[in-house]
Every structure is written in C-alpha cells, then in structure tokens.
Amino acid sequence: MSGILAGLVAEAELQTGRRRALRTEAKLTELAAAAPPARDFAAALREPGLGVIAEMKPRSPSKGPLTDDYRPAELARAYQGGGAHAVSVLTHEAGFGGSPDHLAVARAACELPVLRKDFVVEEYQILEARALGADALLLIVAALSPARLAALLARTRACGMEALVEVHDEREVDVALEAGADVIGVNHRDLRDFSVDRTLSARLRGRVGTGRVMVGESGVRGGPDARALEAAGVDAVLVGELLMRAGDPGATIKELVG
C-alpha cells in the first residue's frame, strides 16, 4: 500500500474498532439478517446507456471540505431525480467526514442501490454495511492480499451484496479477475500523489474483458469526460466532487447521463 492508502486504512480500522466495542459481531449478524433485501447493484449498472454512481461525501483528503451543508437524504433524492443508477456514500470518518449513519439515511431516502464507500479490510465492516442497508461495498485491491480480497468478496456475496472491486493497473486487474470480481472500478487517481490519468480506463478495458461491469472512477469533470469514458468502453462512472460542488446535482447527473 502507498503511504496515503495505508493511513486511510489504519484510520478505518481504528474507527471500526471503536464501533465494535459498542456493537458485537453477533448483534450485527442479527441486524443484517433483518435488513431489507439488497437491491441489485450490478444490474442497475448494466442498464442501457452510461450508468452514473452518484457519490456523496462532506470532504476530501486532498481537497478539504466540499460543502458546508451536507444532507445525505436530500442528496439521495436529488441524485435519484437526476437519473443516477446508484448512490455511493462515504462512511470513512477522519479522511472524508463521513459516517455509517449517513448510509442508512441515504438508503431510506431513495430507491437506488447504495454502495458503502470505505476502506474495507475485515468481515465486521461487511456485516456492518448490510446491517445499515447497503446493497454493495468497495473492495480495494491495493489494500488487500489476493487471498483476503477473495475471502472478503465471498463474504460480501454471502451477505447478499455485490462489491465494486477497485484497481489501478494491469496487475491489479488480474488479481480482481482471479478473485471473481464482476464489477471492476478503475480509479484514475493515483493514491500516491493524487494525480489523475483519465486514459487509464481505455488502457485497461481489454484486460477487464467482456461480461463484467467496468466503472470509471475519479476525475470526471462534466459531460465531455463522461462521453470520452463511455467511448473508451466504460459502463458507468463514479462521480463525487463534481456533484458535491454543483448547485443542482440532479441537473449535473442528467448532463453526465446524456
């Protein structure tokens, strides 16, 4: 892991440890079993046209605060009204100002599949996601060994959810495929220095292959970027900062969907 990613993972582990002290894994298992059935994240992204995973987060480690009026329920409704196919909710506290509670609020406010966006490295976080109502969660290849990735992906599916498996290069694509990933996110942002390379999706499209959903993540600045990624073979884009800074996020999503 890069230093930045390692720091974010360590913070997520500390935050998870504090929550575990308040709620046992056995209790989470009960809550997860009682949660509403998961909405089909992969199917939503396979719909015709370019899919949009609309992300909500109060801040960014590299950009600082993105809004001074963070309202997850209102954002979820606006995202759905704009034509988003799924919603991504940052639950990482220290780096992004998120909270697991934000996920439950957003899930209740819309009918779209909701992705838990965090640095998931243990089974407790998966159970926690399902107990909160998550339909999918993020698994980052760079944060996990191949064996752990496969184990966490299997546990995610056993809980009825799907995973967005994030990659940054050819080797990581191979690891994701070996683990059985069906939804692969290509993060254009280099977590070592936060630089963005939007050509990465086109470079990795052939390696991902057919029959899987490919998501372009990070650096989408508007409709032209979305169209370019669609032309490169991307099935969906994950967009956060653009929407958080938009005066009318619903209208911005309509522009991205085209």
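H2 and H7 cross with left-handed geometry. Keep in mind that this is a predicted model. H2 covers residues 25-34, and H7 covers residues 123-131. Their axes come within 8 Å and cross at roughly 35°. Who touches whom? From H2, the contact takes Glu25, Leu28, Thr29, Leu31 and Ala32. From H7, it takes Tyr124, Leu127, Glu128, Arg130 and Ala131. By class, that contact has six nonpolar, one polar and three charged residues.

Now the other partner of this helix. H7 also packs with H8, residues 146-158. Here the angle is about 25°, and the axes lie 10 Å apart. So H7 runs roughly parallel to H8. This crossing is right-handed. H7 brings Glu123, Ile126 and Leu127 to the contact. H8 answers with Arg148, Leu152, Arg155 and Thr156. Note Leu127: it is in the contact with H2, and it is in the contact with H8.

Strands E6 and E10 and helix H12 each give the lining at least two residues. That lining divides into 14 nonpolar, six polar and 11 charged.

The second largest pocket holds about 430 Å³. Which residues lie nearest its centre? His168, Asp169, Glu172, Asp190 and Arg192, out of 24 lining residues. H9 gives the largest share of the lining, three residues. By class, the lining has 10 nonpolar, six polar and eight charged.

Definitions and conventions: Residues are numbered from 1 along each chain as its sequence is written. This is a predicted model: local features need pLDDT of at least 70, side-chain atom pairs count only at pLDDT 80 or more; totals for chains, interfaces and linings use all residues. Side-chain values use heavy atoms; hydrogens and water are left out. Axes are lines fitted to C-alpha atoms, for helices over the stretch in contact, and angles run from 0 to 180 degrees between N-to-C directions. Helices (H or I, at least four residues) and strands (E, at least two) are DSSP runs, numbered from the N terminus. A crossing is left-handed if the near helix is turned anticlockwise from the far one by less than a right angle, and right-handed if clockwise. Contact means heavy atoms within 4.5 Å. Ala, Val, Leu, Ile, Met, Phe, Trp, Tyr, Cys and Pro count as nonpolar, Asp, Glu, Lys and Arg as charged, and the others, Gly among them, as polar. Angles under 35 degrees count as roughly parallel, over 145 as roughly antiparallel, 65 to 115 as roughly perpendicular and the rest as oblique. On a 1 Å grid over the protein atoms alone, a cavity is a set of points where a 1.4 Å probe fits but cannot get out, and a pocket is an open set with protein on both sides within 12 Å along at least five of seven lines; lining residues have an atom within 4 Å of a point. Grid points are joined across faces, edges and corners, and a volume is the space filled by probe spheres set on the points.
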